[in-house]
Amino acid sequence: MKTTIEELVAFRTVVDTGSITAASEQLAQTVSGISRALSRLEQKLDTTLLRRTTRRLELTEEGAAFLQRTRAILDAIDDAEEQMAARRQQPAGRLRVNAASPFMLHAIVPLVPEFRRLFPQISLELDTDDLPIDLLERRTDIAIRIGALRDSTLHARPLGTHRLRVLASPAYLETHGKPRKVDDLAGHALLGFTQPESLNRWPLRGVHGDEWAIAPALMASSGETLRQLALAGVGIVCLSDFMTGADRASGALVQVLAKETVDVRQPVNAVYYRNTQLSARITSFLDFLSQRMG
């Protein structure tokens with residue numbers, strides 16, 4: 001005969017509360033009912049789980065091992081019930097989201113007011129890092145990654161793509177002239193990334209192929225820093241559309257070498273660990289971003 005959920009619950013509650021009497025009160029059952037459930041469980045397993053004395057209950061070695069499995073089983077049931085309830089109830093709880101600072105500022109932050117209106121019971125915690133982080137170490141639920149994914153242990157949800165463009169401010173171009181061909185860039189101040197090096201290969205077509213490796217006059221770790229430098233007229237930069245759309249619309253930054261620019265688009269993915277079913281708060285955020293950024 002197989003064990004029942006009721007017997008497992010009785011066993012766990014007795015251990016957690018320290019006595020059969022306390023467990024009966026917590027579960028709103030009789031003392032004799034809890035005692036019989038424990039006896040049936042031990043009979044089915046043909047082993048002693050608890051040593052009973054007049055003063056206390058003590059787990060046997062077998063009982064401690066079985067308790068660990070019992071907790072995992074009951075936790076899995078609780079998770080399954082939570083998932084079903086989440087379909088009917090408003091998602092709630094803390095949601096930790098990590099992204100590079102430019103994406104957080106230009107793509108996520110503008111969407112936060114609407115997300116908060118739709119899901120007022122979700123408490124957002126927004127963190128920024130310009131390099132990939134360890135999700136488990138930082139206790140992060142979702143991280144936004146731009147570019148090719150390298151960590152095969154993560155699950156990914158595509159959010160869209162953003163085109164790369166070579167840009168400069170009108171003030172810089174007025175002072176230094178507008179490059180007419182790719183080779184002209186050698187005489188200009190080029191703004192690049194400290195890492196990864198791949199971001200310093202611009203999507204420009206020429207005798208070198210469809211990429212042009214720049215020699216930066218100034219480097220920074222953050223795309224937002226490079227954007228601000230370009231806006232200040234310091235030099236020419238290559239950045240993704242998600243952070244320069246408003247600048248191009250206002251004329252604060254203008255595209256250069258448009259005809260020579262290859263249509264290269266950076267993939268944007270939301271990544272996360274999934275050892276069990278995703279919580280409702282994670283699913284709701286992923287669905288929301290997919291709808292707004294798709």
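Charged side chains in a predicted model

Aspartate 79 is found in helix 4, which covers residues 61–86. Helices here are DSSP runs of H or I with at least four residues, numbered from the N terminus. The structure is a predicted model, in which local features need pLDDT of at least 70, side-chain atom pairs count only at pLDDT 80 or more, and totals for chains, interfaces and linings use all residues. Residues are numbered from 1 along each chain as its sequence is written, and side-chain values use heavy atoms, with hydrogens and water left out.

Aspartate 79 counts as partly exposed because its relative accessibility is 37%. Buried means under 20% relative accessible area, exposed means over 50%, and partly exposed lies in between (1.4 Å probe, protein chains only). Together with Asp75, Asp78, Glu81 and Glu82, Asp79 forms a negative surface patch. The residues of a patch have over 30% relative accessible area and no salt bridge; like charges are joined within 9 Å, and nonpolar side chains (Val, Leu, Ile, Met, Phe, Trp, Tyr) within 5 Å. Asp and Glu count as negative, Lys and Arg as positive, while His and the chain ends are not counted.

Side chains of opposite charge can pair when their charged atoms come close. A salt bridge is a side-chain nitrogen of Lys or Arg within 4 Å of a carboxyl oxygen of Asp or Glu. By this rule the model has 16 salt bridges.

Which residue forms a salt bridge with lysine 44? The partner is glutamate 7, and the closest N and O atoms are 2.8 Å apart. Lysine 44 lies in helix 3 (residues 31–45) and glutamate 7 in helix 1 (residues 5–17), so this pair ties together parts that are 37 residues apart in sequence. Glutamate 7 is buried, at a relative accessible area of 1%, whereas lysine 44 is partly exposed, at 25%.

Helix 4 also takes part in a pair of this kind. Arginine 71 forms a salt bridge with aspartate 16, with 2.7 Å between the closest N and O atoms. Aspartate 16 is in helix 1 and arginine 71 in helix 4, so distant parts of the chain, 55 residues apart, are linked. Both residues are partly exposed: aspartate 16 has a relative accessible area of 46%, and arginine 71 has 30%.

A further salt bridge joins aspartate 241 to arginine 248, where the closest N and O atoms are 3.2 Å apart. Aspartate 241 counts as buried because its relative accessibility is 14%; arginine 248, at 28%, counts as partly exposed. Elsewhere, salt bridges that share partners join Glu7, Arg40 and Lys44 into one network.

How values were computed:
Areas by Shrake-Rupley, 256 points an atom, 1.4 Å probe, with all protein chains shown as cover. Charge placed at Lys NZ, Arg CZ, Asp CG, Glu CD. Helix = DSSP H or I, 4+ residues; strand = E, 2+ residues; numbered from the N terminus.
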